[in-house]
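Dear colleague,

Please find the structure below, handed over for your own work. My notes on what was found in it follow directly after.

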Amino acid sequence: MTRAAQAAERLSAVIANRDVLEVACGTAEFSIAAAELAATVTCIDLDDSRLLSEVHKRENIIFRTMDAAAMRFGNNSFDTVVLYNAAFHVAEQLPAVLDECLRVLRPGGVLCVISSWKLDYAVITDTLLPLADTRGLRCHFTADTVYTCVILREPNR
């Protein structure tokens, strides 16, 4: 089982039968794994240069070229938003990316930041968690030898 599939399995409670957005998807390996569980998966990145061809073979995956800090989705578009191995890539824009992720979440939705990449750990612990705290977000943080995972919810959602 790939790490992306393991990550999708860890998040199965918040992606199964839901409309999922993967932000800064890169190859979209997480989106491919999540598509086994989710109703729909939309994945975005600045370009499609790293995108795996399997994305186009899945009926429930849509890829869009888009900036995570300025998404072109309406408010309340997704049940779950995921950043998989992407925190380091969006670190310089993290406040704007966080705002956009929360904007496109439906009421009761969750934002999941999960990573097996060590560079993400510092961004998550040093930047994301304090930022979430200042925004009053409910946060569940776990870390083990492979994954760092943060699940964020707005308190009134």
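A28 is buried, with a relative accessible area of 0%; buried means under 20% relative accessible area, exposed means over 50%, and partly exposed lies in between (1.4 Å probe, protein chains only). A28 sits in the loop between β1 and α3 (29–34), where helices (H or I, at least four residues) and strands (E, at least two) are DSSP runs numbered from the N terminus. The phi of A28 is near 70°, a positive value in a residue other than glycine.

Before the remaining findings, two notes on provenance. This is a predicted model, in which local features need pLDDT of at least 70 and side-chain atom pairs count only at pLDDT 80 or more, while totals for chains, interfaces and linings use all residues. Residues are numbered from 1 along each chain as its sequence is written, and side-chain values use heavy atoms, with hydrogens and water left out.

Backbone

Most residues other than glycine have a negative phi. N17 belongs to the loop between α2 (12–15) and β1 (19–22). Is N17 buried or exposed? With 67% relative accessibility, N17 counts as exposed, whereas A28 is buried at 0%.

Salt bridges

Side chains of opposite charge can pair when their charged atoms come close. The structure contains seven salt bridges, a salt bridge being a side-chain nitrogen of Lys or Arg within 4 Å of a carboxyl oxygen of Asp or Glu. One of them joins D19 and R106, whose closest N and O atoms are 2.9 Å apart. This pair links distant parts of the chain, with D19 in strand β1 and R106 in strand β5, 87 residues apart. Both partners are partly exposed: D19 has a relative accessible area of 21%, and R106 has one of 26%.

R106 also meets D79 in a salt bridge, at 3.1 Å from N to O. Because D79 lies in strand β4 and R106 in strand β5, the pair ties together parts that are 27 residues apart in sequence.

E54 is partly exposed, with a relative accessible area of 32%.

Pocket and cavity

Rolling a probe the size of a water molecule over the atoms shows where empty space is left. The search used a 1 Å grid over the protein atoms alone: a cavity is a set of points where a 1.4 Å probe fits but cannot get out, a pocket is an open set with protein on both sides within 12 Å along at least five of seven lines, and lining residues have an atom within 4 Å of a point. Grid points are joined across faces, edges and corners, and a volume is the space filled by probe spheres set on the points.

The largest pocket holds about 380 Å³ of space. Its lining comprises 20 residues, of which A24, G26, D45, A86 and H89 lie nearest the centre. By class, this lining has nine nonpolar, five polar and six charged residues. Here Ala, Val, Leu, Ile, Met, Phe, Trp, Tyr, Cys and Pro count as nonpolar, Asp, Glu, Lys and Arg as charged, and the others, Gly among them, as polar.

There is one cavity of 30 Å³ or more, and the largest cavity has about 50 Å³ of space. Which residues line the largest cavity? They are L83, L94, V97, L98, C101, L111, V113 and L128. This lining divides into eight nonpolar, no polar and no charged residues. α4 (94–104) and β5 (105–115) each supply at least two residues of the lining, and α4 gives the most, with four.

Surface patch

F88, W117 and L119 form a nonpolar patch on the surface, with about 270 Å² of accessible area together. Patches are made of residues with over 30% relative accessible area and no salt bridge, with like charges joined within 9 Å and nonpolar side chains (Val, Leu, Ile, Met, Phe, Trp, Tyr) within 5 Å; accessible areas come from the Shrake-Rupley method with a 1.4 Å probe, and for residues only the protein chains shown count as cover. F88 is placed in the loop between β4 (78–84) and α4 and is partly exposed, with a relative accessible area of 40%. F88 and A68 are 20 residues apart in sequence and 13 Å apart in space, C-alpha to C-alpha.

With kind regards
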